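Please take the sequence and the coordinates together, and follow the chain from its overall order to its details.

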Amino acid sequence: MTLFKEFQSALKGLWSLAVGLKVTGREFARPQLTVHYPRKVVDNIVTYRGHIELVGKPKEPAVPKCITCMMCATVCPSGCISIKKFPPPKVAPAAEGEEAKPKAKPVKTPKAFNLNYNTCSLCGLCVQNCPVDSLRFSTDVYLAGVSRADFEYDLMARLAAQAEAVAKAKAPAEATAGAKPGEGGE
Ligand code: SF4
Ligand code: SF4
């Protein structure tokens, strides 16, 4: 009886091994989906939802569409968005019988727009509730840092850097397109 049980147990073990090897063999033969980072990076990440970032105006890409309504900072459940507004314009002293008017138009663009990504849960409420579509998810997939401070982002500076990079990338292409045949230099 004991011998029979041992034989049964050995058979079970062999069966389990065969099933495991079958799964391993099947996966081994499948095309590789992952890449050997950092030697290779993935490029099909358009749908990746990284940390949020500001969207620039079509004609002024370094200036965010943001109108400092504070909706995103208000709805954020983690309190990780902080926005600073420009102070309201000074009001000119009114003449007698007239209404006091501001000296200039109020600046709606934020003075500072910061994200603490350490506490962001990527819930998307800020993106969904922005009335002017000034927020989107970035495709920043390769993030690394050595301290929490490395994940506190100045989104205004980020937008300016992105706009500069796009302008730099466009410049040589436009110069080449604008050059007449034979003007290619030496
Ligand atoms: S995705 Fe959610 S948690 Fe992250 S900043 Fe936006 S509202 Fe806050
Ligand atoms: S919700 Fe949009 S417009 Fe309002 S403060 Fe946030 S980013 Fe700016």
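In what order do the elements of the chain run from the N terminus on? They run α-β-α-β-β-β-β-α-β-β-α, and the secondary structure comes to four helices and seven strands, where helices (H or I, at least four residues) and strands (E, at least two) are DSSP runs numbered from the N terminus. This is a predicted model, in which local features need pLDDT of at least 70 and side-chain atom pairs count only at pLDDT 80 or more, while totals for chains, interfaces and linings use all residues. Residues are numbered from 1 along each chain as its sequence is written, and chains are lettered from A and ligands numbered from 1 in the order in which they are written.

The overall dimensions come next. Along its principal axes the C-alpha trace spans about 115 × 60 × 30 Å. The chain has a radius of gyration of 29 Å, whereas a compact globule of 186 residues would have one near 16 Å; the radius is taken over C-alpha atoms, and the globule rule is 2.2 Å times the number of residues to the power 0.38. Of the 186 residues, 11% count as buried, a class that requires 20 or more other C-beta atoms within 10 Å of the residue's own, with exposed meaning 12 or fewer and partly exposed in between, and with C-beta atoms placed from the backbone.

Lys12 belongs to helix α1 (residues 2-29), and it is exposed because 10 other C-beta atoms lie within 10 Å. The C-alpha atoms of Lys12 and Glu174 are separated by 70 Å, the two residues being 162 apart along the chain.

Nonpolar residues also gather in this model. In soluble globular proteins, nonpolar side chains tend to be buried together. The largest nonpolar core has 16 residues, and those with the most contacts inside it are Leu54, Cys72, Ile81, Leu115, Cys126, Leu135 and Leu155; such a core is a set of buried Ala, Val, Leu, Ile, Met, Phe, Trp, Tyr and Cys residues joined through C-beta atoms within 7 Å. The elements that give two or more residues to this core are β1, β5 and α4 (155-178), and the largest share, three residues, comes from α4. Leaving aside residues up to four places away in sequence, Leu54 touches Pro64, Cys66, Phe113, Ser134, Leu135, Leu155, Met156 and Leu159, contact meaning that two C-beta atoms, placed from the backbone, lie within 7 Å.

Which residues come nearest to the ligands? Around ligand 1 there are 13 residues, the closest being Cys76, Cys120, Cys123, Leu125 and Cys126, and around ligand 2 there are 13 as well, of which Cys66, Cys69, Met71, Cys72 and Cys130 come nearest; a residue is near a molecule if its C-beta atom, placed from the backbone, lies within 6 Å of it.

Some backbone details remain. Most residues other than glycine have a negative phi, and most peptide bonds are trans. A cis peptide bond, with omega about 5 degrees, joins Tyr37 and Pro38, and Pro38 lies in the loop between α1 and β1 (52-54). Thr68 has a positive phi, near 50 degrees, and is found in the loop between β1 and α2 (71-75); Thr68 is partly exposed, because 19 other C-beta atoms lie within 10 Å. Leu122 has a positive phi near 55 degrees, and its place is the loop between β5 (112-116) and α3 (125-129).
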